[in-house]
2 protein chains.
Amino acid sequence: MVDLGTAPDVARSREADEPRDSLVARFGHDRPLKLDAGVELSPFQIAYQTYGTLNAERSNAVLICHALTGDHHVANVHPVTGKSGWWETLIGPGKPIDTDRYFIICPNVIGACMGTTGPASTNPKTGKPWGLEFPVITIRDMVRAQAMLLDELKIDTLFAVAGGSMGGMQVLQWAASYPRRVFAALPIAASTRHSAQNIAFHEVGRQAVMADPEWRGGRYLVEGANPRRGLAVARMGAHITYLSDAALHRKFGRKYQDRSNPTFSFDADFEVESYLRHQGSSFVERFDANSYLYLTRAMDYFDIAADYDGSVANAFKGSETRFCVVSFTSDWLFPTSDSRAIVHALNAGGARVSFAEIVTDKGHDAFLLEEPELFAIVRGFLDGAARVRGLPIPKR
Amino acid sequence: MVDLGTAPDVARSREADEPRDSLVARFGHDRPLKLDAGVELSPFQIAYQTYGTLNAERSNAVLICHALTGDHHVANVHPVTGKSGWWETLIGPGKPIDTDRYFIICPNVIGACMGTTGPASTNPKTGKPWGLEFPVITIRDMVRAQAMLLDELKIDTLFAVAGGSMGGMQVLQWAASYPRRVFAALPIAASTRHSAQNIAFHEVGRQAVMADPEWRGGRYLVEGANPRRGLAVARMGAHITYLSDAALHRKFGRKYQDRSNPTFSFDADFEVESYLRHQGSSFVERFDANSYLYLTRAMDYFDIAADYDGSVANAFKGSETRFCVVSFTSDWLFPTSDSRAIVHALNAGGARVSFAEIVTDKGHDAFLLEEPELFAIVRGFLDGAARVRGLPIPKR
């Protein structure tokens, strides 16, 4: 069985309200967040990070949208795990998303658990964690909250919005909901709607969480419990979908763990088993189980065409935004065909779009990994857009 | 959450010892089953079905090997579910595996829960269900037990062995372990070894079972419990891998269940969700959780090359068996590349082999579904082999 230790659950619950090493924008009762579910969320807060300096024209802002299990600690040491930011490879001085040149903002999404209001946050009406009382949210809600953050920061137009996976969904939603506020958009390993297979995988993860008696109908934080086993199983299953058969074969094959023969037991005989168990157990140390339910649900509901008479092209009709769509050959969760569909819709809508399919065996997770071709594409696309935008080229 | 009702667990436990509507071969202490784990299993029993009539030369026997969650009720109504046999499309009078012509034997595998000895059976030493005291078994052990059943039935040589998925693994193992006892072999949607990705998916399923507190360290039958939620989650996850993205899209797409708008809740909003939940809840009515652990483990351990100096070709060197290897284009669990590897190894070993890749969007499960091309291939291959074998052609 997965060894899950004992939990710093109280600390995680505190992180949801008072995030360490984060900026926090607070929105009071006068500025509610209008949700697709038909209710208003107020008060609420957004935890975020910034890197670099906003120029006098306020024209060099780049918004980074994180994926399902990511957060706003994109280019700094993570306060909970102590690990590097999840896109430090891409973001920094002289890097493709250049902090010497751009003002980078990365907010934690609505529904998450690292400082932006979500199910682990305190419900002001009860003084206890929201749990399942938290309203179900959508990708559009996440983006609407981010637009309020930009208003707060007095940034009218983003130079660029970039993100992978669920982050890429937000990028597409930004371009659809606020076309005049987005100069350039970079959706990576994304889709305009979640497929039946992806919904199915998410549903298994949710059922794994909800099958854990420690989930307590979503009230585990109030009751001092934590569905660690269920969440670990959900993460293990999801993690397989982020990789590829080829990558798993290359990394692990059928290699035994610390031995040369099978044990004829249910121990983690194979390296791939102990790797997965580690993925499960480390995830529960940093993530809230209910947030996992809410964010997977938001991804499942995502379907841009549904909001535009069934046509993705309508969503981007007459858009002035320049797009760069990126996919990876071995990504079977958001396959290249999904990215091609985005490109076709953008073309049909008359938008400017370039497209790159990167050859790699790393699967969906390639957008988070050392992938030089991705870095070159992001750099090239932003450099070109910056020239058009008239942003100064930094001296080196 | 999945509605799992209450369980006829006692009935299922009884089925393991005294299977209804089944033949049972009992092997006493004088005939132990030698297991790869280095121990002997005795006494043990094999539940099986037969269809058709064994000819005087005892030369028309066809062995059918079932898959992970199948059993020996291959061409009769299932005593627990009341459903048709899992290969009734293929087996019957005038059908591709013709009961007017062949004597068909289908045994329940060692480690299963429908009457052949497995973890749900009574351990004669304790008078209680084996649970995790049952030794870990392999595909080779399953085949070794089947060979003992054939000895019991005084069948020296099988006219054919056929099976899909884990059944296909047994077919390959039969041809490797007992080449002179197999005239023709039909491995469908199979592989000579389980891939890292497949081991990973199995491990998630096992962890889902073991994460359920009702599993009770494997002692649930003794303690009157049943890890229904964990097993249902395992089944839901596995079921996705048996289908294909295209099939799920064709069957369900993003259709909502009984409504036209999302509920903004964690109910089964999408049809694919309620379909999966049904798969999970119906599975636990007929399957034993520990059997699921043992049989997935057996598949993970399967690696024919490992027993033959790392070479699959060595396993089949000089084989007189004629093979027909079948794969399906949309099967991503046992992809065509796995079947091609079988064919290459058979070619390298000098064996007779034909190969067919069937174009379908039905995924791995295609071997169990209405697939006319498969039916035609099975019929044609067996007809041809029967001519060589000198079996009479039935009058119609």
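This is a predicted model: local features need pLDDT of at least 70, side-chain atom pairs count only at pLDDT 80 or more; totals for chains, interfaces and linings use all residues.

Residues are numbered from 1 along each chain as its sequence is written, and chains are lettered from A and ligands numbered from 1 in the order in which they are written.

**Contact between chains A and B**

- Chain A and chain B each give 45 residues to the contact, where two residues are in contact if their C-beta atoms, placed from the backbone, lie within 7 Å.
- On the side of chain B that touches chain A, at least two residues come from each of helices H4 (196-211), H5 (228-242), H6 (245-251), H7 (271-283) and H8 (289-301) of chain B, and H4(B) supplies the largest share with twelve residues.
- Helices (H or I, at least four residues) and strands (E, at least two) are DSSP runs, numbered from the N terminus.

**Strands around S12(B)**

- Strand S12 (residues 182-188) of chain B has seven of its seven residues buried, a residue being buried if 20 or more other C-beta atoms lie within 10 Å of its own, with C-beta atoms placed from the backbone.
- S12(B) runs parallel to strand S11 (residues 158-164) of chain B, to which six bridges join it, and two strands pair if DSSP finds at least two bridges between them.
- S12(B) also pairs in the parallel sense with strand S13 (residues 322-328) of chain B, over three bridges.
- Ala184(B) in S12(B) stands opposite Ala160(B), and Ala184(B) has Arg322(B) as its bridge partner in S13(B).

Definitions and conventions:
A residue is buried if 20 or more other C-beta atoms lie within 10 Å of its own, exposed if 12 or fewer, and partly exposed in between; C-beta atoms are placed from the backbone.
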